[in-house]
Amino acid sequence: MASVRPRWRHARIVVPLVFVLTVLPTAGLAWATWQLLTQDRGLVSRQRQDQMNRLNSASWLVVSDLRTILSESRRDLAAGKAWPAGAISITIDREGLTVTPPDRVAFLPVPVPLLAAPDDARRGAALLSRGQDLADSGRADEALRVFSEMRSLRPYSIEGTPSWLAARYKRGQILERTGRERELREEAVSLAADMRMMATHLNEVIYRTYAEDASRWMSSRSPQDAVSLSQAVGLLWQGWSSQRYGIEMTGHEVVWEDGDWKAVALLETTRDTLRAVVVTREFVDATWMPQLRSIARQYRATVVLGLPEAGNVPRSGQEAKDLPWPVVLYDASGSVQASGQRPLIVIGSFLTLIVVVAVAATWSIGRELAVARQQSNFVAAVSHEFRTPLTSLKHFVELLREQPSIEDARRRECYDAQARAVDRLSRLVESLLDFGRLEAGTQHHTFAALDCVALAQWVVDVFGLHAANAGYRIALSTSGSAIVNVDAEAFSRALWNLLDNAMKYSPPMSTIDVVVRAAHGNVCVDVVDRGIGVSPGESRDIFRRFHRGADARSRGIRGTGLGLAMVTEIMQAHGGRVDLESQPGQGSTFTLVFPAAA
Ligand code: ADP
């Protein structure tokens, strides 16, 4: 019992231990997490501040650069500079509207009228109506020829539409109706070319009608930049006609479409003249933006001219009257968002640690409680083990005292019963002392190369007498001698324990076999019974100290749960092991496996 006490002491320190293992680290971690989060919040806000400062500086530089670009463009305008593709200059004065170069627009707000010689107009009208009649009466080829002829005349205006375009359009309609796809595509390409050539003679409505069909026939979109430039010219014309601009002013007009800008006009007016340069978005992208982008890049930012994007992207923006659009700078480093995730990582790790500590603590408490429960079962079992032989002893002692004239045969039975009880008590005390020695590590073995068969024979003979009284038969079978390095006493104790169990857990009048055999270089001693067996779920646990099988307990079979633990320790001391094969309800075979002596 001396070895059991430290375990109880251990159980008593479980509560402070759990406190030290869980509450203190948890509190420490909580404090550290709080500190980290506070630091992190400070860090993030400092980074945000730095980021905004950086974006603001970039924005200031980009805007001042943009102002320089715009004023240089105005200077170029005043100097009458020729503009590259994507840009036009326009003048509106008493003479009307002048666009330079004119072939870059798609239409004009005030198209230049096409005047024709009266002869051409008359012939043209005749050709138009003949062609129409032929087309209506299904003579497509002839109608196509007549409309082609119209192009040989000088162009003139038919209710605002240049005659050449009207003729091509009619041809296109006939080709579409008659399903001549290849010719239709060619006609559409020519129509588009004529429209570009005659752009200054088109207004927006006519342009859009023809452009829509021409794109459909060609299966391609009409050129957007020319349309955007024309729209800007339209805006300027409207502003000028409605006297929206001051007498002398510098300003701008922007063509917006679906929240995006398409073109911008930088204008300057005097009392009777408006001059402007109009540039498309593509032009700005290719000519002005590279310079602005490179400034923004130095500040790890991207620059966008136009309305800011929706969403929570860090940015800095500037809007000024002299700028056609807002200038927005977005952060391109993303560093603040990354550090913004740190609190999540810290909290995640903290929670993981708490879970790990809690699981470890739960496991350790569970283990301690299980050991405590087993120890208390052990104390109950040992008390019971003592009580049974003591009760028997008391009974027979009293019988002999109270009936001194008892007949001899009966007296002998009483002495035998007392001897059995004393025997059982001394075995019990012996086994508890053995267990105490094993636990304390004071059990010493003396190994010698001995014949296992002889040792087993001796144990079987001695145990056999005891078993026979209880109605069991022990049968030993061997094949020759089997020499192992063994402590004879420990061997006997291990085999005795297995035999004692085999008897306890088998029905009376059954046979228990002991087999000594050599296998795979080992010497095996099998103890085979035909008893209650061990369930697979308990086949490992029964080798742990204090563990008693559920079946053993429910059947009220006496025991302390120490036998197999002792056998295991003995076998480990011999460099061997204990094996078990069992079928519940059929019986068990416990095997002592010794390494054969070299
Ligand atoms: P005890 O027999 O005192 O309970 P042991 O350590 O010797 O303790 O055995 C542990 C448990 O193993 C037993 O309670 C019993 O459930 C099971 N056991 C041991 N030997 C046998 C056997 N031969 N047949 C069936 N069950 C056994």
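At 19% relative accessibility, H201 counts as buried, where buried means under 20% relative accessible area, exposed means over 50% and partly exposed lies in between (1.4 Å probe, protein chains only). This is a predicted model, in which local features need pLDDT of at least 70 and side-chain atom pairs count only at pLDDT 80 or more, while totals for chains, interfaces and linings use all residues. Residues are numbered from 1 along each chain as its sequence is written, and side-chain values use heavy atoms, with hydrogens and water left out. Helices (H or I, at least four residues) and strands (E, at least two) are DSSP runs, numbered from the N terminus.

**Around H201**

- H201 sits in the loop between α6 and α7.
- Leaving aside neighbours within four places in sequence, H201 touches P111, V112, P113, L114, G160 and P162; contact here means heavy atoms within 4.5 Å.

**Helix α5**

- Helix α5 covers residues 163-177, and at 1.5 Å a residue its 15 residues should span 21 Å, which agrees with end C-alpha atoms that are 21 Å apart. The expected span is 1.5 Å times one less than the number of residues in the helix.
- Eleven of the 15 residues of α5 are buried, so this helix is mostly covered.
- Among the buried residues of α5 are W164, R168, Y169 and R171.
- The elements that the buried residues of α5 pack against are the helices α3 (118-136), α4 (140-150), α6 (181-197) and α7 (204-218), together with the strands β3 (157-158) and β4 (161-162).
- After α5 comes G179, with a positive phi near 70°.

**Salt bridges**

- Side chains of opposite charge can pair when their charged atoms come close. The rule used here asks for a side-chain nitrogen of Lys or Arg within 4 Å of a carboxyl oxygen of Asp or Glu, and the count comes to 33 salt bridges.
- D119 and R122 form one of these, with their closest N and O atoms 3.4 Å apart. The two are three residues apart in helix α3, which means that about one helical turn separates them. Both D119 and R122 are exposed.
- R154 and D120 meet in a salt bridge at 3.5 Å, N to O. This pair links distant parts of the chain, 34 residues apart: R154 is in the loop between α4 and β3, and D120 is in helix α3. R154 is exposed, with a relative accessible area of 56%, whereas D120 counts as buried at 15% relative accessibility.
- D194 and R151 meet at 2.8 Å, N to O. Here too the pair links distant parts of the chain, with D194 in helix α6 and R151 in the loop between α4 and β3, 43 residues apart. D194 is buried, with a relative accessible area of 4%, while R151 is partly exposed at 28%.
- Shared partners join R151, R168, R171, E187 and D194 into one network of salt bridges.

**Aromatic pairs**

- Rings of Phe, Tyr and Trp (its six-membered ring) pair if their centres lie within 6.5 Å; planes under 30 degrees apart count as stacked, over 60 as edge-to-face and the rest as tilted. The count comes to eight aromatic pairs.
- Y169 and Y210 form a tilted pair, 4.7 Å centre to centre with 55° between the planes. Y169 lies in helix α5 and Y210 in helix α7, so the pair ties together parts that are 41 residues apart in sequence. Both Y169 and Y210 are buried.
- F283 and W288 form an edge-to-face pair, 6.1 Å centre to centre with 80° between the planes. F283 counts as buried at 6% relative accessibility, and W288 is buried with a relative accessible area of 6%.
- Ring pairs also link Y169, Y210 and W217 into a cluster.

**The three-stranded sheet**

- Three strands form an open, antiparallel sheet in the order β8-β10-β9; two strands pair if DSSP finds at least two bridges between them.
- β8 (301-305) and β9 (315-318) stand at the edges with a single partner strand each, so one side of each is left without a neighbour in the sheet.
- From one strand to the next, the twist averages 20°.
- β9 and β10 (residues 327-331) run antiparallel and are joined by four bridges, with S316 standing opposite L329 in β10.
- Helix α10 (residues 289-298) lies across β8 and β10, at about 145° to β8. Axes are lines fitted to C-alpha atoms, for helices over the stretch in contact, and angles run from 0 to 180 degrees between N-to-C directions.
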